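User: I'm new to this one, and I'd like to go through it step by step. Could you show it to me before we start?

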Amino acid sequence: MTTPDRDPAALRTEALDWLRRLNSGEATSADAEALDRWRSSSPAHAAEFAKAALFWNVLGDAARRAESDRAGSPSALRSGRQLARRGFLVGGAALAASAAGALVLRPPLELWPSVAELAADYRTRTGERRQIEIEKLAAIELNTRTSLDQQALASGDVRVELITGEAAVSTHGGADRELVMIAGNGRVASREASFNIRKDGASVGVSCVAGMVTVSCQDKEITIRAGQHVAYDPRGAGDVTSIDPDAVVAWQRGLLVFRRAPLAQVIDEVNRYRPGRVILLDTVLGRRQVVANFRIDRIDDVVDFISKAMGIRTRSLPGGVVLVG
């Protein structure tokens with residue numbers, strides 16, 4: 001990409017090109033390094049990229065606050081966007097430039113991988129699945145947008161860290177070897193079992209499909225067996241609940257299965273599998289129940305389903321952004 005000097009329109013176009021590239025689901029560590037060089041070439045470059053990235057961030061915040069900011073009309077959402085846009089545009093280049101580095105480390109709306117994800121031993125892109133073998137101890141299938149690090153221990157056991165995303169794990173170590181998986185502020189230990197583990201931000205959920213796994217969090221140790229699930233976060237571990245193992249690992253068959261799931265939850269799940277972002281503008285609509293199966297390789301069918309089957313208005317914006325409601 002070229003970098004014309006001090007031409008705001010050209011720099012704005014290039015900043016948007018970078019966002020599209022990073023949002024494509026195919027960004028690499030080389031792309032991140034190239035972007036860093038582009039941003040560092042002048043304060044104007046850094047400012048334009050920060051403004052473009054902040055726009056996405058403001059758009060997401062406005063959508064989440066739409067219902068709480070208004071009692072009825074969508075005009076409050078429009079006003080909120082205008083005020084937010086004026087706020088960051090008049091803030092000056094110095095503020096934008098200082099924000100740019102933080103935005104690369106904490107990408108708005110998760111539109112591109114974080115630095116920790118890019119540096120992981122194993123990583124999948126948007127919509128990608130990948131199978132790996134860990135020291136002849138475990139077979140692991142990584143779901144979309146998943147990052148994993150591996151470390152061999154002196155004892156012969158293996159420790160892996162789930163940085164973000166979801167993985168289906170089958171261990172076959174027997175009595176002699178154990179897989180230890182770190183995720184958030186807890187850990188999962190297994191010798192012979194199959195389980196699904198998912199990390200969203202600081203929240204982690206573990207579902208046992210076969211065998212038995214031990215989940216430890218804040219000095220609390222919980223054993224779960226086939227058909228059971230436990231979740232934990234920085235506040236501690238929750239109660240053990242029952243799950244349908246087939247539904248939990250349906251993604252391995254290329255399916256998303258929803259059984260009376262709130263639309264808001266469906267949209268959150270769909271956002272993991274497609275570039276861009278589907279944004280729900282109405283929390284009341286978000287409570288509507290969905291019973292459906294969707295093919296992951298045709299994930300945009302979900303938008304058609306929301307529009308046609310549920311009769312909800314959708315609007316498409318550049319960069320894969322879809323407004324619902």
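**Aromatic rings and cores**

Analyst: Phe 294 counts as buried, because its relative accessibility is 6%, where buried means under 20% relative accessible area, exposed over 50% and partly exposed in between (1.4 Å probe, protein chains only). This is a predicted model, in which local features need pLDDT of at least 70 and side-chain atom pairs count only at pLDDT 80 or more, while totals for chains, interfaces and linings use all residues. Residues are numbered from 1 along each chain as its sequence is written, and side-chain values use heavy atoms, with hydrogens and water left out.

User: And is Phe 305 buried, exposed or partly exposed?

Analyst: Phe 305 counts as partly exposed, because its relative accessibility is 24%.

User: How many aromatic pairs are there?

Analyst: The count comes to two aromatic pairs, where rings of Phe, Tyr and Trp (its six-membered ring) pair if their centres lie within 6.5 Å, with planes under 30 degrees apart counting as stacked, over 60 as edge-to-face and the rest as tilted. The ring centres of Phe 294 and Phe 305 are 5.3 Å apart and the planes are at 80°, so this pair is edge-to-face. Ring pairs link Phe 258, Phe 294 and Phe 305 into a cluster.

User: Switching topic, how many residues has the largest nonpolar core?

Analyst: The largest nonpolar core has 30 residues, and those with the most contacts inside it include Ile 140 and Val 206; such a core is a set of buried Ala, Val, Leu, Ile, Met, Phe, Trp, Tyr and Cys residues joined through side-chain atoms within 4.5 Å.
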